[in-house]
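Hi,

Here is the structure I promised to pass on.

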Amino acid sequence: MRKPFIAGNWKMNKIATEAADLVSKLKENVGSFKDADILICPPYTSLLAAQEAIKDSVIELGAQNMHWEANGAFTGEVSAAMLKDIGVKFVIIGHSERRKYFSETNQQVNKKIKAAISADLLPIVCVGESLEQREQQKEKEVVEKQLREGFDSLSQADLEKVTVAYEPVWAIGTGKTATGEQADQMHSFIREWFKKNFSDQAAEKLRVLYGGSVKPTNIKELIAKENIDGALVGGASLKPLDFTEIIKNSSLG
Ligand code: PEP
């Protein structure tokens, strides 16, 4: 039985004081909730304020991106060790917005996963197809390539540190959600891929989150599916009441 995992991706929202305020509201509602793992991923500049604010709660801290090199002449970038140093535990890697707006490739995703694990961070690796790719019925081909290249030469032990998020690009921030059925089909495809390429045991343990317009009203349908283990939530994670409801509803599946 995999414990539900609800992660909030705040994207480029919330300055430090707003982050502290949002966390304190969330803490009042779910600060000691044990039936799901809870994560927030604020922007870099609000990580320290959020880190301070989540103290004495079950809420964990994540970042939204990182560079694969440990240090050096990479202006504007942040390394895994820098995140670890300020108490970050998780890091989102390969979000579709990074792939789309910053041309991130599967090869870079692969380097980032390895660097995160070496620095003792837990990666949440995003995969998912565009609307055009789904309309051409290429969604499995696309996700398979993202997995094959993104997880190249990773070990079983590495996989134990990883969470995968399936986020169909056409469902992110659009209000369109994949149906529970559509999402579960892809989630089971993803789990099968890990069974074949890693092991049954590793694949059974792996948590695969769904992301794309998750709301308090659709989380129950999604989490009820066998292969959906939680959600990566964008917009709704900025609303403390909605995020709270998503967290509470995720353990009812
Ligand atoms: C996301 O940013 O990962 C996401 C799923 O966004 P939203 O929930 O707003 O669609």
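First, some housekeeping. This is a predicted model, in which local features need pLDDT of at least 70 and side-chain atom pairs count only at pLDDT 80 or more, while totals for chains, interfaces and linings use all residues. Residues are numbered from 1 along each chain as its sequence is written, and side-chain values use heavy atoms, leaving out hydrogens and water.

The chain has twelve helices and eight strands (DSSP runs: H or I of at least four residues for helices, E of at least two for strands). Its radius of gyration is 17 Å, close to the 18 Å that the globule rule gives for 253 residues, so the chain is as compact as a globular protein of that length (taken over C-alpha atoms; the rule is 2.2 Å times the number of residues to the power 0.38). The C-alpha trace spans about 45 × 45 × 35 Å along its principal axes. Of the 253 residues, 53% are buried (under 20% relative accessible area, with a 1.4 Å probe and protein chains only).

Now the cysteines: how many disulfides are there? The count is zero, taking a disulfide as a pair of cysteine sulfur atoms within 2.5 Å. For Cys41, the closest cysteine sulfur is in Cys126, 9.4 Å away, which is too far for a bond. Cys126 is likewise in no disulfide. Cys41 is buried at 0% relative accessibility, and Cys126 is buried at 2%.

Best wishes

Key
Buried means under 20% relative accessible area, exposed over 50%, partly exposed in between (1.4 Å probe, protein chains only).
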